Amino acid sequence: MAFDGIVVANLVAELNQTILNGRISKIAQPEADELLLTIKTNEGARRLALSASASLPFVYLTDSNKPSPMTAPLFCMVLRKHIANGRITAIRQPGLERIIQFEIEHLDEMGDLCKKLLIIELMGKYSNIIFCENTLKIIDSIKRVPAQVSSVREVLPGRNYFIPDTQSKLNPLTVSQEQFFDTVCEKPMSLSKALVSSFTGISTPSANEICHRASLDADDATASLSADLRLHFYHVFDHVMNDIRENHFSPCIIYQGDEPVDFSALLPTQYQDLTIQQEFSISVVLETYYAKRNSYTRIRQKSADLRRHITTLLERNQKKLVLQEKQMKDTEKKDKYKIYGELLNTYGYQAVEGASSVEVLNYYTNQPMNIPLDPTLSPLLNAQKYFARYNKLKRTAEALSTQLEGTRMEIAHLESILNALDIAETEDDLSQIREELVTYGYLRRKNTGKKKSTKSKPFHYRSSDGFDIYVGKNNFQNDELTFKFANGGDWWFHAKGMPGSHVIVRTEGKELPDATFEEAARLAGYYSKGRDNEKVEIDYLQRKNVKKPNGAVAGYVIYYTNYSMAITPDIKNIEKISE
């Protein structure tokens with residue numbers, strides 16, 4: 001779900017259990033809008049990352065460190081001056097706002113005990129980290145906001161800090177049944193929008209989850225609720241709020257295959273077809289989610305030009321295929337012209353001079369046939385004309401047959417490269433795909449003509465029975481796995497009739513259990529074009545029966561004797577080995 005007030009509540013509960021009463025030993029500002037605090041606790045040192053990034057604000061505990069600039073920014077210096085070695089005495093969330101307030105106790109220059117507030121607001125483009133006196137007078141902020149930028153609130157040294165109440169939303173943790181009915185149920189809008197517009201800290205995904213738990217459609221209008229459904233809706237809402245009040249959280253990441261698509265502080269019920277991975281800590285959830293999400297986003301961005309280029313080539317070849325197939329269909333009439341010529345050679349004497357047609361017996365079918373004639377030509381010349389048409393169409397069909405095969409092969413090759421782009425995870429994976437495009441003339445090599453070495457390796461899985469399974473990420477790896485890495489007795493898997501990875505199971509001379517066959521087939525289905533299908537048909541056979549035709553492109557193989565099975569391309573329970 002979004003980084004909303006519920007996620008912040010989970011974070012505050014976790015921080016109170018881990019760093020409360022800890023001392024701030026180091027303060028760093030690795031980015032213009034990011035802080036990294038090292039906090040010493042009784043259990044050891046912990047790092048707390050805080051970001052006021054407009055696109056990706058966050059707070060979480062982390063084991064990772066980040067290099068800091070040689071000269072500390074002004075805001076970092078202010079924090080070091082005031083709260084270095086300070087003790088965190090309270091961590092609060094006002095209401096269910098997307099705000100965390102750290103109360104820090106420290107000694108001033110005179111040795112007197114003082115308190116300061118470090119406040120982080122996680123509000124999208126309005127996110128900020130604000131440092132205040134205990135009286136809420138602002139000392140400084142990581143982003144200064146003058147009146148010219150915001151007419152609602154200035155965030156400048158000397159100004160008083162306050163939380164803008166621009167939308168007059170209620171605190172969902174303290175709302176009564178009557179207030180719920182009067183605010184949510186009386187609004188002329190959908191149930192989800194009514195929740196979001198009525199309460200602080202409730203995002204649209206959270207509102208949808210509450211509706212789903214109540215077995216209500218989030219898009220239904222509030223006016224459609226009967227008195228009983230209103231009461232039921234409130235009870236489900238209050239049950240969720242009670243979980244938050246009592247810190248009953250279940251932090252988790254929602255995956256679609258290997259890709260993280262969402263996260264939540266509460267165990268969601270609305271994702272029926274996705275994988276939910278629970279974690280012990282919301283910090284682990286946030287750090288894992290953002291790291292993986294950033295990785296996927298970065299690779300998608302870096303592969304955008306390649307994808308666009310391949311898609312253009314694919315569309316061009318698909319149009320060419322349609323045209324060639326139409327031309328091939330036109331050549332199907334060639335046999336008719338051959339018969340016309342043969343019949344005219346046999347029965348041409350029956351034609352009346354100057355006639356535009358002649359009806360003769362077709363000795364192939366023993367049926368009469370009407371043959372169109374050119375009145376200006378003799379039957380013999382008409383026959384020669386039909387034979388010439390036949391020979392021309394025959395030559396065209398032979399040429400088109402070769403061209404069609406080449407076009408279909410090129411389409412299959414480009415689709416396989418597109419599939420490789422879909423499963424690429426690193427820049428090395430993209431480099432190998434780019435190298436393939438250069439090798440087959442789809443791209444020009446940049447700069448030097450030297451081939452770049454890459455560290456991209458096939459995916460490595462282990463079956464539930466302990467057998468190693470390898471999955472090629474692209475056509476070069478598919479060839480390498482099948483014809484150089486695998487032994488003749490190893491088993492080879494591939495999605496039937498569609499682009500996909502070669503999957504190799506190393507047998508080490510042993511018989512494979514049924515479960516390993518099924519798991520390898522699931523991998524072959526998942527790493528194919530059919531990964532989103534409910535079922536995918538998989539061909540499998542021993543590697544020694546897989547052949548590569550002379551001159552075939554990378555990844556292309558042939559085989560004649562194989563087994564097949566239909567599987568669901570679900571790989572969530574198959575162990576992936578990190579290398």
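1. A residue is called buried when its relative accessible area is under 20%, exposed when that area is over 50%, and partly exposed in between. Arginine 213 has a relative accessibility of 26%, so arginine 213 counts as partly exposed. The structure discussed in this note is a predicted model.

2. Arginine 213 has a charged partner. Its side chain meets that of glutamate 209 in a salt bridge, with 2.8 Å from N to O. Both residues belong to helix α5, where they are four residues apart, or about one turn of the helix. Glutamate 209 counts as buried because its relative accessibility is 4%.

3. How many salt bridges does the structure hold? The count is 26.

4. Lysine 302 and glutamate 427 form a salt bridge through their side chains, at 3.9 Å from N to O. Lysine 302 is in helix α7 (residues 282-302) and glutamate 427 is in helix α11 (residues 427-439), so the bridge ties together parts that lie 125 residues apart in sequence.

5. Aspartate 539 and lysine 496 make another salt bridge, and their closest N and O atoms are 3.5 Å apart. This pair links distant parts of the chain, 43 residues apart: aspartate 539 is in strand β19 (residues 536-542), while lysine 496 is in the loop between β17 (491-495) and β18 (503-505). With a relative accessibility of 2%, aspartate 539 counts as buried. Lysine 496, at 39%, counts as partly exposed. Elsewhere, salt bridges with shared partners join Glu31, Glu34 and Lys66 into one network.

6. The aromatic rings come next. The structure has 30 aromatic pairs. One of them is formed by phenylalanine 180 and phenylalanine 199, with ring centres 6.2 Å apart and 15° between the planes. The pair counts as stacked, because planes under 30 degrees apart are placed in that class. Phenylalanine 180 is in helix α3 (residues 177-183), and phenylalanine 199 is in the loop between α4 (191-198) and α5 (204-213). The two are 19 residues apart, and the pair links distant parts of the chain. Both phenylalanine 180 and phenylalanine 199 are buried.

7. Phenylalanine 180 also pairs with phenylalanine 237. Here the ring centres are 5.0 Å apart and the planes meet at 40°, so the pair is tilted. This pair links helix α3, which holds phenylalanine 180, with helix α6 (residues 227-245), which holds phenylalanine 237; the two residues are 57 residues apart. Phenylalanine 180 counts as buried because its relative accessibility is 0%. Phenylalanine 237 is buried too, with a relative accessible area of 1%.

8. Ring pairs can also join into a group. Phe3, Phe58, Tyr60, Phe263, Tyr289 and Tyr290 are linked in this way into a cluster.

9. Which ring lies under the charged end of arginine 389? The ring belongs to tyrosine 337, and the charged end sits 5.3 Å from its centre. In another example, the charged end of arginine 506 sits over the ring of phenylalanine 485, at 4.5 Å from the ring centre.

Technical notes:
Residues are numbered from 1 along each chain as its sequence is written. This is a predicted model: local features need pLDDT of at least 70, side-chain atom pairs count only at pLDDT 80 or more; totals for chains, interfaces and linings use all residues. Side-chain values use heavy atoms; hydrogens and water are left out. Rings of Phe, Tyr and Trp (its six-membered ring) pair if their centres lie within 6.5 Å; planes under 30 degrees apart count as stacked, over 60 as edge-to-face and the rest as tilted. Buried means under 20% relative accessible area, exposed over 50%, partly exposed in between (1.4 Å probe, protein chains only). A charge sits over a ring if NZ of Lys or CZ of Arg is within 6 Å of the ring centre and within 35 degrees of the ring normal. A salt bridge is a side-chain nitrogen of Lys or Arg within 4 Å of a carboxyl oxygen of Asp or Glu.
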